[in-house]
Amino acid sequence: MARTLTMFITFYTLSSHAFSQDISGMWKFENQYVYVEINITQSQGNLTGNHCIVYGAEGDFIDCADDNESTISGALDKGVFTINIKSEYAVDSVSKINLKLLPNGDLEWTLVSSLKDISFYPKKVILKKVT
């Protein structure tokens, strides 16, 4: 009985922590080669939003959604947010990204899969919250 209670408390604590992670807002990463911006709205573990990704010093590849267009969908699963980004650059192309909220409040972006048409998405970056 004590073991069952311990397992329940552990599961409840981990579940509560995962569902308390709200990543709503604007997140950005930028260096000399790539600019990543995602706007996320989270509601009970489900994510929606839009994106803008620009690659190349001269903006060689631009994949940006209109402000009012939803190109991001996703959900929370085992403490990791998995999102699908519908490309505006490559028609009918979707990339899968894992997002993990770090202890310092930053968001780790890890590219899981994308089509070769949009291979300019960064593999791994750390996003900072803007708003």
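Y55 is partly exposed, with 34% relative accessible area. Partly exposed is the range between buried, under 20% relative accessible area, and exposed, over 50% (1.4 Å probe, protein chains only). Y55 sits in strand β3. Strands are DSSP runs of E with at least two residues, and helices are runs of H or I with at least four; both are numbered from the N terminus.

The model is predicted: local features need pLDDT of at least 70, side-chain atom pairs count only at pLDDT 80 or more, and totals for chains, interfaces and linings use all residues. Residues are numbered from 1 along each chain as its sequence is written, and side-chain values use heavy atoms, with hydrogens and water left out.

Now to the rings. The structure holds seven aromatic pairs. Rings of Phe, Tyr and Trp (its six-membered ring) pair if their centres lie within 6.5 Å; planes under 30 degrees apart are stacked, over 60 edge-to-face, and the rest tilted. One of the pairs joins Y55 to F61. F61 is partly exposed, at 31% relative accessible area.

F120 and Y121 are edge-to-face, because their planes stand at 70 degrees, with the ring centres 5.6 Å apart. Both residues are buried: F120 has 7% relative accessibility, and Y121 has 2%. Y55, F61, F120 and Y121 belong to one aromatic cluster, together with Y89 and W109.

What makes the nonpolar surface patch of about 380 Å²? Y33, Y55, F61 and Y89 make this patch. Patch residues have over 30% relative accessible area and no salt bridge; like charges are joined within 9 Å, and nonpolar side chains (Val, Leu, Ile, Met, Phe, Trp, Tyr) within 5 Å. A salt bridge is a side-chain nitrogen of Lys or Arg within 4 Å of a carboxyl oxygen of Asp or Glu. Accessible areas come from the Shrake-Rupley method with a 1.4 Å probe; for residues, only the protein chains shown count as cover.

C52 and C64 form it, with their sulfur atoms 1.9 Å apart. Why does the pair tie together parts that are 12 residues apart in sequence? C52 lies in strand β3 (residues 46-55), while C64 lies in strand β4 (residues 61-64). The link is right-handed, with 45 degrees about the S-S bond. C52 is buried at 16% relative accessibility, whereas C64 is partly exposed at 26%.

Conventions
Disulfide = S-S within 2.5 Å.
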